[in-house]
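Work through the exercises below with the model open. Each task is followed by a solution in steps.

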Amino acid sequence: MGESLSTWIPSCNGSIRVEMSGQRTTSDSGALLLREALDNSGVIDALEDNLVDRRDPQRVRHSLASQVRTVVLQRAMGWIDLSDTTTLRRDPVWQLACSDARGTTPSAQSRPSQATLSRLLTCLGHNDNIDAVHEGLLRLVVWRLTSLKNGERPEQLTLDIDGLPIEVHGHQGGSAYHGHVGTRIYSPLVASLAETGDMVGGLLREGNAGPAENADTWIPHLVRRLNESTGAQVRVRIDAGFTDNDTLEALEERGIEYLGRLRSHSGLQTLAAPYLRRPRGRPPEQSREWCYDLTYQAGSWPAPRRVVLVVQEHPDDLLLHAFFLVTNLGKFDWPSEKVLALYRQRGSAEAHMGEVKSALDVHLSSTDRGASTVQDVMARNEVSLLLSLYAYQVLHGLRRLLESRTYQGWSLMRMREQVLKVAATLSLHARRITVHLGDAADKWWPTLLKGLPRLTALV
């Protein structure tokens, strides 16, 4: 038993009395706002309809839906670890935000334990459930996209594929030491939409996986599902690690437009040599740039492909710089300068990737237990990755709504600290629970609550 402290007088001011009286207070009232957005998306209802629950119904205390809701909302609010549910077990708002029950019943219910949530990851990682979890993330994306313009679906989307190395502490099944990163990692792929900032999909791979491993099957499947869900024409933008022949052929066979950067090698350097001559005259004080449309066939390519050579001149450099882009975009609609401009928008996608890591602190810690195989551990960690992307999508939906109403940019961290981390006090009556929000909610909550009904997706 720890020592109890009823009253504390700060040394800075003897007139202050701090009483620890056990009032029903919280600093996480934003969980209720996130719950409202999550309910509007319909993703929890869809998961409940499609997930297979092998537990004995007579012994179930927490539904799969309430457990998924718990993990997603906690991560969105910054409580990243599963053990944090124990820290929050006495927080009254968390009981209300995560429960399936109505009325005042949630206030008397216990919260799921760390062990329960760990078993949830195992359940969702089974072959008959993992596809539903992937589809749930796509549903959140469609909800977010259609909420932007009152249900109007986008006509064109650019899908960015990138690696997201995640450090692991220990020897989780499938993880491996990576010399370039300098630590033990998993090497997942994450797909995002640079134009809108949405995270469309995630695929966990072993730590020693090659950059393009599984990309030739996963990317076309994702493009097809995104096209079916939104009706938009989807093009793919990739970095140099993914422009291997297998991936490019897989995209071409399915008629998918793509744009990617090529790694430099002797064949490309020979092709670029005639264009790497500095123009006559004094070098300008500003940088200059030229684009050339070429055709090139690498040794592993079955046929020539369109290649755009980009040559750059910087005032303080003696030599010209060059890099190559490969694409199947048509030359008439996509001249070389427009192709380069499209590729440079990858910077937005990389910024969103960075926000996922910084705001959600994605880490994968499911370890071998019992008779677990490497595949079991990988499946649990893939589910954990996807639920973190769920949390990002819910936060991102509120963030974009706030941006559309306030006409100013919002980072996820700023929104969490200024909008969601709001103090509140709860009072219980016979048939009602009243949440008294602090003054900090006055500035942004009315704006969000007015816009929330518009977030319901037409899917």
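**Exercise 1. Threonine 327**

Task: Find which residues threonine 327 is in contact with, leaving aside its neighbours within four places in sequence. Then decide whether threonine 327 is buried or exposed.

Solution. The model is predicted.
- Step 1: Read the accessibility. The relative accessible area of threonine 327 is 2%. The cut-off for buried is under 20%. Threonine 327 is therefore buried.
- Step 2: The side chain of threonine 327 reaches the backbone nitrogen of leucine 329 at 3.0 Å.

**Exercise 2. The two domains**

Task: State how the chain is divided into domains. Then describe the interface of domain 1 and domain 2.

Solution. 
- Step 1: The domain assignment gives domain 1 as 29-256 + 348-420 + 445-458, and domain 2 as 258-327.
- Step 2: Take the centres over C-alpha atoms. Those of domain 1 and domain 2 are separated by 38 Å.
- Step 3: Count the residues in contact. Domain 1 brings 14 residues and domain 2 brings 11.
- Step 4: Size the interface. Interface size is often given as the accessible area lost when the parts come together. Here domain 1 and domain 2 bury about 1000 Å² between them. Carbon and sulfur atoms account for 53% of that area.
- Step 5: List the polar features. The rule finds 8 residue pairs in polar contact across the interface, both residues at pLDDT 80 or more. On the side of domain 1 that touches domain 2, S10 and H9 are the elements giving two or more residues. H9 gives the most, with 5 residues.
- Step 6: Count the salt bridges. The rule finds 1 across this interface.

**Exercise 3. Aspartate 244**

Task: Locate aspartate 244 and find what its side chain joins in a polar contact.

Solution. 
- Step 1: Aspartate 244 sits in the loop between strand S10 (233-238) and helix H9 (245-253).
- Step 2: Its relative accessibility is 28%, so aspartate 244 counts as partly exposed.
- Step 3: Its side chain and that of threonine 247 are joined by a polar contact of 2.6 Å.
- Step 4: Compare sequence with space. Aspartate 244 and glutamine 312 are 68 residues apart along the chain, and their C-alpha atoms are separated by 25 Å.

**Exercise 4. Valine 72 and the cores**

Task: Explain why valine 72 is classed as buried. Then say how many residues the largest nonpolar core has.

Solution. 
- Step 1: Valine 72 lies in helix H3, residues 64-76.
- Step 2: Valine 72 is buried because its relative accessible area is 0%.
- Step 3: Beyond four places in sequence, valine 72 is in contact with Leu38, Leu387, Tyr390, Ala391 and Val394.
- Step 4: Turn to the cores. In soluble globular proteins, nonpolar side chains tend to be buried together. The largest nonpolar core has 75 residues. Leu34, Leu387, Tyr390 and Val419 have the most contacts inside it.
- Step 5: Find the main contributor. Helix H13 (residues 374-406) supplies the largest share of this core, 15 residues.
- Step 6: Look for another core. A second, separate one has 40 residues, including Leu138, Leu222, Val223 and Leu268.
- Step 7: Inspect leucine 34. Not counting residues up to four places away in sequence, leucine 34 touches Leu73, Ala76, Met77, Val394, Leu395, Leu398 and Leu420.

Conventions. Residues numbered from 1 in each chain as written. Predicted model: local features only at pLDDT ≥ 70, side-chain atom pairs only at ≥ 80, totals over all residues. Heavy atoms only, no water. Core = buried A, V, L, I, M, F, W, Y, C linked by side-chain atoms within 4.5 Å. Buried < 20%, exposed > 50% of the residue type's maximum accessible area, 1.4 Å probe, protein only. Helix = DSSP H or I, 4+ residues; strand = E, 2+ residues; numbered from the N terminus. Contact = heavy atoms within 4.5 Å. Polar contact = N/O pair within 3.5 Å; in protein donor to acceptor, adjacent residues only side chain to side chain. Domains from an automatic or database assignment. Buried area = accessible area lost by both parts, 1.4 Å probe. Salt bridge = Lys/Arg side-chain N within 4 Å of Asp/Glu carboxyl O.
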